[in-house]
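Here is my note on the model. Please read it alongside the coordinates.

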Amino acid sequence: QRKQYNEVWKYIHEIPGPPAVPLIGTNYKLMPSELIFARERERMRQFYPIYKSWVLIFPFVHLAGPDDVELILNKSIHNTKGISHRIMLEDWLKTGLVISSGPKWHKRRKMLTPAFHFNVLRNFVEVFYKESEALVESFRKHCGEPYIDVEKYVNQYSLYAFSGTSLGMPLRENPKSKGYLRTLQQYKWHLSYRIEHPWLLIPFIFKRSSAYNGFMKTIKKLHEFSEYIIDERTKMFNYNEHHANTKLPLLDLMLHIKQTSGDIDDEGIKEELDTFIGAAHDTTAMSICFTLMLLANNQTIQNEIYQEIESIIGDSKPPSYNDLAELKYMERCIKESLRLYPTVPVMNRILGEQVVTKSGYTIPKGCNVLINIYDMHRSCQLWENPEKFDPDRFLPENTVNRHPFAYLPFSAGGRNCIGQKYAILELKTALCVILRNFILEPVDTPQNVMCKNQVTLRPANGIKVKFVPRV
Ligand code: HEM
């Protein structure tokens, strides 16, 4: 046993990494989230494709090489989510699909996948369109100003789009929804606070800290909102009407399953509802914000998307599902935006068995591995001129020789993003309606926008874009 223990530590010590202070680890300087983010990027540049860091006495192995990432994501034995994501999210999301593992995860994944079938998604375009029009109206009110900080408006769009589609509940006019958006902001603030004070990532210490009560109050408010949504939808939901229909959106599908097979109960529905709001809301919102900033800074590309929208859909007709599928150039721009700004920048797994990396290091079983998608997407070993926004990277002829695990905005393997088609559809609808109404001009630039990792990638100080109405 002792021999085995020594071997594990020998392997860990062989992996390169920044110097660590005993018992404190490698994150010994207190700094704001955006500087922590920049420091992590610098470390991966220095040690690419693998390094280790320490949070207190716990080692984390960071990977950004596609060969090594493939070893992990392609094997279901490594499907268990890592400690840092669990610590940060479990109070809110419990063991919903993002956190769960083993048979529970497998059963729920199979159960909920039909809610993202294309026959369900195609009915969502109308809601995305209506919400995009409302978003454009908010921008129109402020377009006389030197710039609009887009985050707040796009966050609203994303929540209302999700509630109108997957929850069957239009929330735009609901007085509770603004409060919920504020609570989501508070939750993100708490995440940043814990990241900036890494000892608070240890539950034993966090529970005794002054931040804990405020955090738990926030969690309580988040849970109260999802209970409210479930109660309201249950009142509206007609079981007989939906009985024969298997193509139901998320919440209706769960209510239907509860009523028929009983394979999910009230607690299960609640944790999945929180999980899907958590997974869908910020990711798509931030992707839209970053894309608007990139397009504002690349007028030729912006104009080319606009020409494509004009020629396929025209300048006023609501887009159909098939129209959106034809916006191929826009799709390449979205892909490129997700390369530069993958809104899930880092994934965390616990190894189910020992892994020997391509570069010859051994990562022991049980170790926490961080898959640094952001760094992989910007690695100059993998991408030519990686900082450049160039949608042509995704032309079919330019992708044939790419490593299949070099581009992973939605992850890969059995635990990939269940909502990726949903996300692309939502993004395309919003871009289509925004670009038909405005020319975007740069205020913030990729050079001055600092990012932070709050489980999702976010700008540290908002994203400012100038909106000029098209005439
Ligand atoms: C641009 C938007 C999005 C991006 C970049 C994104 C990215 C990802 C990534 C990278 C993962 C894997 C995370 C991990 O393994 O740690 C993931 C998982 C997941 N995503 Fe997304 N996502 C997006 C939008 C959505 C949407 C719209 C939904 C739902 C409507 C959604 C629901 C989920 C769920 C439930 C999981 C967990 C899946 C599982 O473990 O089986 N995501 N997403």
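1. Contact range. In the protein chain, 75% of the contacts between residues at least 6 apart in sequence join residues at least 24 apart. Two residues are in contact if their C-beta atoms, placed from the backbone, lie within 7 Å.

2. Basis. This is a predicted model; local features need pLDDT of at least 70, side-chain atom pairs count only at pLDDT 80 or more, and totals for chains, interfaces and linings use all residues. Residues are numbered from 1 along each chain as its sequence is written.

3. Overall fold. The protein chain has 20 helices and 11 strands. Its radius of gyration is 22 Å, close to the 23 Å that the globule rule gives for 471 residues, so the chain is as compact as a globular protein of that length. The radius is taken over C-alpha atoms, and the rule is 2.2 Å times the number of residues to the power 0.38. The C-alpha trace spans about 70 × 55 × 45 Å along its principal axes. Helices (H or I, at least four residues) and strands (E, at least two) are DSSP runs, numbered from the N terminus.

4. Burial. Of the 471 residues, 43% count as buried. Buried means that 20 or more other C-beta atoms lie within 10 Å of the residue's own; exposed means 12 or fewer, and partly exposed is in between, with C-beta atoms placed from the backbone.

5. Ligand shell. There are 24 residues around the ligand, and Ala279, Ala280, Thr283, Cys417 and Gly419 come nearest. A residue counts as near if its C-beta atom, placed from the backbone, lies within 6 Å of the molecule. The shell divides into 15 nonpolar, seven polar and two charged residues. Here Ala, Val, Leu, Ile, Met, Phe, Trp, Tyr, Cys and Pro are nonpolar, Asp, Glu, Lys and Arg are charged, and the others, Gly among them, are polar.

6. Helices at the ligand. Helix H14 (266–296) and helix H20 (420–437) each supply at least two shell residues. Which helix gives the largest share? H14 does, with seven residues. H20 is mostly covered, with 15 of its 18 residues buried. At 1.5 Å a residue, H20 should span 26 Å, and its end C-alpha atoms are 26 Å apart, which agrees. The expected span is 1.5 Å times one less than the number of residues.

7. Strand S7. In S7 (residues 368–372), five of five residues are buried. Asn368, Leu370 and Asn372 point one way, Val369 and Ile371 the other. S7 pairs with strand S2 (residues 58–63) in the parallel sense over four bridges, where Val61 has Val369 as its bridge partner. S7 also runs antiparallel to strand S4 (residues 346–350), joined by five bridges. There Met347 stands opposite Ile371. Strands pair if DSSP finds at least two bridges between them.

8. Open sheet. Three strands form an antiparallel open sheet in the order S3-S11-S8. S3 (148–149) and S8 (438–442) stand at the edges with a single partner strand each, so one side of each is left without a neighbour in the sheet. S8 and S11 (residues 464–469) share five bridges. Phe438 has Pro469 in S11 as its bridge partner.

9. Leu457. Beyond four places in sequence, Leu457 touches Met286, Tyr341, Pro342, Thr343, Pro345, Tyr374 and Cys451. The C-alpha atoms of Leu457 and Phe290 are 9.9 Å apart, although 167 residues separate them along the chain.
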